[in-house]
Amino acid sequence: MAEILVLVEHVDGEVKKVTLELLTLARTLGSPSAVWAGPGYSEAAKARLAEYGADKIYVAGSQDIADHVVAPKAELLARLVSSASPAAVLVAATAEGKEVAGRLAIKTDSGVLTDAVGLSDALVAEQSIFGGGVNVRSKVVKGTPIVAVRPNSTAPEASAGAGAEEQVEVELSDAAKAARVVERVAQDKGARPELTEAAIVVSGGRGVGSAENFAIIEKLADALGAAVGASRAATDAGWYPHQFQVGQTGKTVSPQLYIAAGISGAIQHRAGMQTAKTIVAINKDPEAPIFELADYGIVGDLHQIVPQLTEEVQKRK
């Protein structure tokens, strides 16, 4: 079977969920090979990658890769593309992942596709473009296909792979060392999942009314084990931090369930969430555009509906 390279996303040695999704997708395309870049690799990480189908694990554990920004990962992948001749390279469609994909495409003279939400066995990608207004299918016709896949596009499924380990030494160019990481600051992390990787997202918009009222959005999210999102109107008003904005100028999410409370459904917001598998809209305006996109809609006051929904969820736990 053709080899499919998957760039591993990891934090403090822990494999991130999006990598398990990519390995699951890679199994439908060929033989998955995980690429670990930077320090932190362990037997636990090896077992995790093999559990989800990695037949081979390339390990480049040099501290240099972590000490410099993005470029070393692109050089590592370019070397593996040259030596292993894979059928495709899959990366997560995160800010860093998309930059790695772009740099790799230049280095290997290949085509690149970003924000894919699906990928067929013929390496035809499904994408949502022009602010979510158009769905297209695209295929790389030059070089090695490089595809950045949105988190939550594929449900991770365990299926054991051989997990054969291969150490890789990569000598970084001076250009790759041009930007150096001089400090790392740990971000305070609550119990909620990361927004772009969450299986469930509860978002509030202008209809929430105030920063204080976002507490009801957070309570529902916590009851569901969900991440909290917000519309641009809510973040611009200062009701919720900008890093939680969902939309064309914020973050793109593709959860299994997206609950939009008090969000009208402007095109810029839809661009960031319309690939969600199931969308539930709560809005007092029956003509709100969000209902055109929703699988389920509730017309009513979110300040009454959301607390009732939270109470019902908690009853069933």
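**Exercise 1.** Determine how R48 is classed by relative accessibility, and describe the salt bridge between R48 and E51.

*Solution.* Step 1: R48 has 34% relative accessibility and counts as partly exposed; this class lies between buried (under 20% relative accessible area) and exposed (over 50%), computed with a 1.4 Å probe on protein chains only. Step 2: E51 is likewise partly exposed, at 34%. Step 3: the two side chains, R48 and E51, form a salt bridge with an N to O distance of 3.4 Å; the term requires a side-chain nitrogen of Lys or Arg within 4 Å of a carboxyl oxygen of Asp or Glu. Step 4: R48 and E51 are about one helical turn apart because they are separated by 3 residues in helix α2 (residues 43-51). Helices (H or I, at least four residues) and strands (E, at least two) are DSSP runs, numbered from the N terminus.

The model is predicted: local features need pLDDT of at least 70, side-chain atom pairs count only at pLDDT 80 or more, and totals for chains, interfaces and linings use all residues. Residues are numbered from 1 along each chain as its sequence is written, and side-chain values use heavy atoms, without hydrogens and water.

**Exercise 2.** Locate K98 and D115, and identify the network that contains them.

*Solution.* Step 1: the side chains of K98 and D115 meet in a salt bridge at 3.4 Å, N to O. Step 2: K98 belongs to helix α5 and D115 to strand β7 (residues 112-119), so the pair ties together parts 17 residues apart in sequence. Step 3: K98 is partly exposed at 30%, whereas D115 is buried at 17%. Step 4: a network of salt bridges links K98, D115 and R150.
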